[in-house]
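Please keep the sequence and the model in view while reading.

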Amino acid sequence: MNNDNPFLQYSDMLENRQRVRAVLLDFFPNEKVKANVLVIAYDSGIALAIRNSKVLDNTFALRFIKVLTSDYAINNQMANWAVQYWMEMY
């Protein structure tokens, strides 16, 4: 089991927002900003989009990066990191 991947360690974490937040705060105990950005990405629908997508490509990533930067004022570097994290881990 990959201990660095919360999606493998807690397969039920996507059942609700509170569970997502709790697990991510456990994985990033000293990096609350990262956990918060990942939860915002979850709130934006990235988990559902990944689940329903047949292809995870640059177009997919750019769509969510744009949402995070324009709707939530998250800087581009952090938005890119969050989207890549979701795409790689989930």
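Predicted model: local features only at pLDDT ≥ 70, side-chain atom pairs only at ≥ 80, totals over all residues.

Asn5 belongs to the segment before α1, the helix of residues 6–9, and it counts as buried at 5% relative accessibility. When neighbours within four places in sequence are left aside, the contacts of Asn5 are with Phe27 and Met89.

## How α3 meets α6

Helix α3 covers residues 32–43 and helix α6 covers residues 76–89, and the two pack at an angle of about 65 degrees with their axes 9 Å apart. Since angles of 65 to 115 degrees count as roughly perpendicular, α3 and α6 are therefore roughly perpendicular to each other, and their crossing is right-handed.

From α3, the residues that take part are Val33, Lys34, Val37, Leu38, Ala41 and Tyr42, and they meet Met78, Trp81, Ala82, Tyr85 and Trp86 of α6. Sorted by class, the contact of these two helices comprises 10 nonpolar residues, no polar residues and 1 charged residue.

## How α5 meets α6

Helix α6 has a further contact, with α5, whose axis comes within 9 Å of that of α6 and crosses it at roughly 135 degrees. The two helices are therefore oblique to each other, and α5 passes α6 in a right-handed crossing.

On the α5 side the contact is made by Phe60, Ala61, Phe64, Ile65, Leu68 and Thr69, and on the α6 side by Asn76, Ala79, Asn80, Ala82, Val83, Gln84 and Met87. By class, the contact of α5 with α6 has 9 nonpolar residues, 4 polar residues and no charged residues. Ala82 is listed in this contact and is also listed among the residues of α6 that meet α3.

## Ala73, between α5 and α6

The loop between α5, which spans residues 58–72, and α6 contains Ala73. Most residues other than glycine have a negative phi. Ala73, however, has a positive phi of about 55 degrees although it is not a glycine.

Ala73 is exposed, with a relative accessible area of 69%, a value that lies in the exposed class because that class begins over 50%.

## Three salt bridges

The structure contains 3 salt bridges. In one of them Arg17 pairs with Asp43, and their closest N and O atoms are 2.9 Å apart. Arg17 lies in helix α2, which runs over residues 17–27, and Asp43 lies in helix α3, so this pair ties together parts that are 26 residues apart in sequence. Arg17 counts as partly exposed at 38% relative accessibility, and Asp43 is likewise partly exposed, with a relative accessible area of 38%.

Another salt bridge joins Arg19 and Asp12, with the closest N and O atoms 3.2 Å apart. Arg19 is partly exposed at a relative accessible area of 29%, and Asp12 is partly exposed at 32%. There is also a salt bridge between the side chains of Lys34 and Glu31, at 3.3 Å from N to O. Lys34, which is also among the α3 residues that meet α6, counts as partly exposed at 23% relative accessibility, and Glu31 is partly exposed with a relative accessible area of 37%.

Definitions and conventions. Residues numbered from 1 in each chain as written. Heavy atoms only, no water. Axes fitted to C-alpha atoms, helices over the stretch in contact; angles between N-to-C directions. Helix = DSSP H or I, 4+ residues; strand = E, 2+ residues; numbered from the N terminus. Parallel < 35°, antiparallel > 145°, perpendicular 65-115°, else oblique. Left-handed = near helix turned anticlockwise from the far one by under 90°. Contact = heavy atoms within 4.5 Å. Nonpolar A, V, L, I, M, F, W, Y, C, P; charged D, E, K, R; others polar. Buried < 20%, exposed > 50% of the residue type's maximum accessible area, 1.4 Å probe, protein only. Salt bridge = Lys/Arg side-chain N within 4 Å of Asp/Glu carboxyl O.
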